[in-house]
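Here are a few friendly notes to read alongside the model. Keep the structure open and look up each residue as you go.

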Amino acid sequence: LYRGGAIHLEGTENVTITDGLFRRLDGNAIMLGGYNRHSTIARSEFTWLGEGAIATWGDTEGYDGTGGAQPRFCRVESNVMSNLGLYEKQSSAWGQNKACQNTIRNNVMFHLPRAAINFNDGLGGGNLVE
């Protein structure tokens with residue numbers, strides 16, 4: 001997974017991205033990296049992307065995530081994600097790596113090379129998918 005995107009949020013709190021159109025990008029559309037709290041990505045369209053729509057990648061000390069430098073309490077809702085992974089076949093609509101306590105709700109995901117929602121490592125738990 002490339003730790004970057006057209007929008008890369010790291011060290012942020014309470015960022016909201018709504019009504020966006022992410023089309024024909026070679027990589028990820030949005031990356032939530034390191035410390036990130038209470039971000040919302042809603043009512044946006046992600047299509048014809050080289051990699052994934054939204055990905056997370058937090059920081060840990062080995063397997064220890066108690067330092068808190070991971071995306072947490074983020075909401076991804078009411079988005080449409082299609083035709084992803086044109087170049088990277090291991091990409092997903094929501095790729096969660098070293099993150100926890102996030103909500104993925106009311107999204108439409110189709111025409112993907114892999115799982116629509118990928119919880120890579122299970123760090124911390126507390127996620128909600130509806």
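1. Let us begin with a pair of strands. Strand 12 (residues 103-105) and strand 15 run parallel and are joined by two bridges. To find the pairing by eye, look for Thr103, which stands opposite Leu128 in strand 15. Please bear in mind that this is a predicted model.

2. Five strands form an open sheet in the order 2-5-9-12-15, and their pairing is parallel. Which strands stand at the edges? They are strand 2 (16-18) and strand 15 (128-129); each has a single partner strand, so one side of each is left without a neighbour in the sheet.

3. Strand 4 (residues 30-37) runs parallel to strand 7 (residues 54-57), and four bridges join them. Here Gly33 stands opposite Trp57 in strand 7. Strand 7 also pairs with strand 11 (residues 94-97) in the parallel sense, over four bridges. In that pairing, Ala55 stands opposite Gly95 in strand 11.

4. Finally, have a look at a loop residue. Asn79 is found in the loop between strand 9 (75-77) and strand 10 (80-82). Is Asn79 buried or exposed? Its relative accessibility is 1%, and buried means under 20%, so Asn79 counts as buried.

5. What does Asn79 touch? Leaving aside residues up to four places away in sequence, its contacts include Ile41, Ala42, Ser44 and Phe46, as well as Asn106, Asn107 and Val108. Arg43 is also touched, and the side chain of Asn79 reaches the backbone nitrogen of Arg43 at 3.3 Å.

Note on methods. Residues numbered from 1 in each chain as written. Predicted model: local features only at pLDDT ≥ 70, side-chain atom pairs only at ≥ 80, totals over all residues. Heavy atoms only, no water. Buried < 20%, exposed > 50% of the residue type's maximum accessible area, 1.4 Å probe, protein only. Polar contact = N/O pair within 3.5 Å; in protein donor to acceptor, adjacent residues only side chain to side chain. Contact = heavy atoms within 4.5 Å. Pairing = 2+ DSSP bridges.
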